[in-house]
Amino acid sequence: MVPDYAGRYLGGVLPAVADALGVPDVPGGAQARARLGLPRQQRACVVLVDGLGQHNLAERAGHAPFLRSLLADSAPLSVGYPSTTAASLGSFGTGAAPGRTGLVGYTARNPRTGSLANLVSWDGAGPAREWQRETTVFERVTAAGVPVTSVGPARFAGSGLTEAALRGGSYRAAEPLADRVDVALFELMGPALVYLYWGDVDKVGHHHGWGSRQWGDALSALDRELGRLARSLPTGTSLIVTADHGMVDVDRSRRWDVAKTPALADGVQLVAGEPRAVHVHVEPGADARERAEAVALRWRETLGDAAFVTLGDHAVEAGWFGPVAEHVRPLIGDVVVAMRGRATVVDSRTQSQGSMDLVGVHGSLTPMEMSVPFLAVHA
């Protein structure tokens, strides 16, 4: 499933909402609003549920009567590649593809240091505004005089990823989902754009799998509070519910560890990305292209039908990352690997045992991971 950057794409949500609120000159806003069918409104609340894929929600919809009631009249969105939180939040917050934001995975090689940068915790990434240079939609909306409030956990206030992808407006910290809904409703008393983030569905899916009882319970708790939010909206408000990616439950018998697989480690300087979307970097030099081709061949032979392995240049040409800025190209691997089925690739030299043992994962090009809901209520 190739990302549909020109179609129903997660990066179009905030530009469309901004246009619906009457904010001028947001790139692509009018086209995105027409594509998504949003009416003009005075205020809007956009809820991003981490890890709530379209297919995951549809298959577990019995746990979510409110969200289920919206599914029949909705069409999903595509996220970008990789289908992971950092990349998707960058696109969501700016309207730009990962090839322009530089948020190309859970981890990426920092060109200044040569080491791994974690783009969720922001360890090793440096100043957020230097890494992610695109203007955010929130910056454009606040410049137009419309109040913007982000509602999420206290630990995300001022974090590197928040600063990179979602800078602009104010941040209100709240922990339980009920408290976040209450804060959102307070901020919606006047014309405003409110963004609400909820991460527990993703957290439970990582540790127990999206097919688990625990995931169903997390979905039910989410559904109850979103139903309350929808019922309490003031007139002239749009509520949008979407997500940053879906999830697959792994098959541990189809997991490869680069550190323990010589054919995968040979010729490789650094492995970045994540278990479903891998950036493979080779040693730089005049013959780097030839080494990359040799590495790609060994990875294809080793992984077989468990992965789609291509040169980074070919992935760029095929549009996986959207238009790629010059300063972003070094972040993309010399070889790029998108996993198929329920397979994963890890590297125990740089990844913790806990991260390698996650049950639910994401990042690749499958519909389970790439397709997310776009559910709307207009009061």
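Arg33 counts as buried, at 19% relative accessibility (buried is under 20% relative accessible area, exposed over 50%, partly exposed in between, with a 1.4 Å probe and protein chains only). Asp19 counts as buried too, at 12% relative accessibility. Arg33 forms a salt bridge with Asp19, their closest N and O atoms 2.6 Å apart (a side-chain nitrogen of Lys or Arg within 4 Å of a carboxyl oxygen of Asp or Glu). Asp19 lies in helix 1 and Arg33 in helix 2, so the pair ties together parts 14 residues apart in sequence. Helices here are DSSP runs of H or I with at least four residues, numbered from the N terminus.

This is a predicted model: local features need pLDDT of at least 70, side-chain atom pairs count only at pLDDT 80 or more, and totals for chains, interfaces and linings use all residues. Residues are numbered from 1 along each chain as its sequence is written, and side-chain values use heavy atoms, without hydrogens or water.

## Packing of helices 1 and 2

The axes of helix 1 (residues 13–20) and helix 2 (residues 29–36) come within 7 Å and cross at roughly 95 degrees. Axes are lines fitted to C-alpha atoms over the stretch in contact, with angles from 0 to 180 degrees between N-to-C directions. That makes helix 1 roughly perpendicular to helix 2 (65 to 115 degrees; under 35 is roughly parallel, over 145 roughly antiparallel, the rest oblique).

Helix 1 contributes Val13, Pro15, Ala16, Asp19 and Ala20 to the contact, and helix 2 Gly29, Ala30, Ala32, Arg33 and Leu36 (heavy atoms within 4.5 Å).

## Packing of helices 10 and 12

Helix 10 (residues 177–187) and helix 12 (residues 213–231) have axes that come within 10 Å and cross at roughly 20 degrees. Helix 10 is therefore roughly parallel to helix 12. Their contact is made by Leu177, Ala178, Val181, Asp182 and Leu185 of helix 10 and Ala221, Leu222, Glu225, Arg228 and Leu229 of helix 12.

Arg228 forms a salt bridge with Asp182, the closest N and O atoms being 2.9 Å apart. With Arg228 in helix 12 and Asp182 in helix 10, the pair ties together parts 46 residues apart in sequence. Arg228 is partly exposed at 23% relative accessible area. Asp182 is partly exposed at 41% relative accessibility.

## Other salt bridges

The structure holds 19 salt bridges. One of them joins Glu293 to Arg289, with closest N and O atoms 3.3 Å apart. These residues are four apart in helix 14 (residues 288–303), so about one helical turn separates them.

Conventions
Helices (H or I, at least four residues) and strands (E, at least two) are DSSP runs, numbered from the N terminus.
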